[in-house]
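Me: I would like to learn how to read a protein model feature by feature. Could you give the general idea each time, then the case at hand?

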Amino acid sequence: MAGTILIHMIGNRDLQFERSITSDELDLFEFEKNSDQTSFLVLKKLVHKDEGKDITFLKQTKKLLGLLATEEHKDLKKKIHFPMFTQVAEYVSAKGFTLDKVVFCVTKQKNEYPTDTNYVADIIKKYFEKDLLAKYGIKEIAYEKMTMNLASRPETFTYCYEKMLPQLVEGYEKVFISHKQGHPFVTFSLLLAGLFKPYTFLVTNAKGAATEEDINFYGNKLKQNLNT
C-alpha cells in the first residue's frame, strides 16, 4: 500500500465553539480562557467539587453528544469547530499530499479520567465526519481509542511504541503525526517512536498555521550522548 496517513492526537482544545453562541447555549457548559485561539471558546477541563460543581471535560463532551441529537440544540453543530485539525489538514494539503487516511486518536481509559477525549471522537464520527471527508479530500477516517492506564508510563510507552504506531503506519509511504494536543506522555512516546524514521511531526500554534517539528534534533543529541 502506498499513500499518505495523518495521525492526529485529540486533546481537550481540539473541539472549540464560536463566540457567537447564544447566552442560553453558554449556560449549558463551563468554559475556560482560550489563549491559543481567541476567537473560539473551549470547554473547561475540570471544575472542582469544592466550587460547588462536579464538572469535567469528559462529562461536558458526553452532554454535548446528547444535546446534538435533540431538535432543540441541533444547531449547535454549526458553531463547533476543530481548528487544530484544520491547521494540520491544510498544511498537508499545501504540501501537495492527498490524505488517504486520517486517524483520530483519543483516550478512553478503563477507569474513566476527567480529561478523556473519547466522546470527542463520537461527536466527530456522528456529526462531522462526512464534512471533513469532503472538505479535505480525505478518503478514510478511523478512530484509535487508547484504553491503557495513562498513569502507567511503561504501559503507555509500550502501547505507543510497539503496537499503536507501527500498526497504523504500516504500508503508508508518507506519515504525518500531529502529536502535541494529546496526553503529554503519549506525545513523548510518539516522539521516541518516530526517532530515526521518515515521519513528519506537525505542531499547531496560536498563529493558526501548523509547522514541522524537527525531531532529528533530539535523535542527534541522543546519538551524541551514546557515543561519549
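Reply: Start with how elements are named. Helices (H or I, at least four residues) and strands (E, at least two) are DSSP runs, numbered from the N terminus. Here helix 6 is followed by F196, whose phi is positive, near 65°. The model is predicted: local features need pLDDT of at least 70, side-chain atom pairs count only at pLDDT 80 or more, and totals for chains, interfaces and linings use all residues. Residues are numbered from 1 along each chain as its sequence is written, and side-chain values use heavy atoms, with hydrogens and water left out.

Me: How many helices and strands does the chain have?

Reply: There are 7 helices and 12 strands.

Me: What does "buried" mean, and what share of the chain is buried?

Reply: Buried means under 20% relative accessible area, exposed over 50%, and partly exposed in between (1.4 Å probe, protein chains only). Of the 228 residues in the chain, 50% are buried. For area, the method is Shrake-Rupley with a 1.4 Å probe; for residues, only the protein chains shown count as cover. The chain exposes about 12,000 Å², and carbon and sulfur atoms supply 51% of that area.

Me: Which residues of helix 6 are buried?

Reply: Helix 6 spans residues 184-194 and is mostly covered, with 8 of its 11 residues buried. They are F185, V186, T187, S189, L190, L191, A193 and G194. Packing is judged by contact, which means heavy atoms within 4.5 Å. The buried residues of helix 6 pack against strand 1 (4-9), strand 9, helix 5 (153-169), strand 10 (174-178), strand 11 (199-203) and strand 12 (211-213).

Me: Which residues are buried in helix 2?

Reply: A general point comes before the list. An α-helix has 3.6 residues a turn, so residues three or four places apart point the same way. In helix 2, the buried residues are F57, L58, Q60, T61, L64, L65 and L67. Their cover includes strand 2 (16-18), strand 4, strand 6 (55-56), strand 7 and helix 4.

Me: How do I read a nonpolar core?

Reply: A nonpolar core is a set of buried Ala, Val, Leu, Ile, Met, Phe, Trp, Tyr and Cys residues joined through side-chain atoms within 4.5 Å. The largest one here has 42 residues, and L15, F17, F29, L64 and F85 have the most contacts inside it. Strand 4 (40-43), helix 2 (57-67), helix 3 (83-94), strand 8 (101-107) and helix 4 (118-136) each supply at least two of its residues. Helix 4 gives the most to this core, with 9 residues. Take F29 as one case: beyond four places in sequence, F29 touches F17, L43, Q60, K63, L64, L67 and L76. A second, separate core of 24 residues includes I5, V103, M148 and L150.

Me: What about single residues? Is E144 buried or exposed?

Reply: E144 is found in strand 9 (residues 141-146). E144 counts as buried because its relative accessible area is 17%. Not counting residues up to four places away in sequence, E144 touches V103, F104, C105, V106, Y159, M164 and L168.

Me: And where is F97?

Reply: F97 sits in the loop between helix 3 and strand 8. Its relative accessibility is 31%, so F97 counts as partly exposed. Leaving aside neighbours within four places in sequence, F97 is in contact with T4, V92, K174 and F176. The C-alpha atoms of F97 and I5 are separated by 9.6 Å, though these residues are 92 apart along the chain.

Me: How is a pocket defined?

Reply: On a 1 Å grid over the protein atoms alone, a cavity is a set of points where a 1.4 Å probe fits but cannot get out, and a pocket is an open set with protein on both sides within 12 Å along at least five of seven lines; lining residues have an atom within 4 Å of a point. Grid points are joined across faces, edges and corners, and a volume is the space filled by probe spheres set on the points. The largest pocket has a volume of about 370 Å³. Of its 24 lining residues, G11, N12, Q181, G182 and H183 are the closest to its centre.

Me: What lines the second largest pocket?

Reply: The lining is F40, I80, H81, F82, P83, T86, F128, D131, L132, K135 and Y136. Helix 4 gives the most to this lining, with 5 residues.
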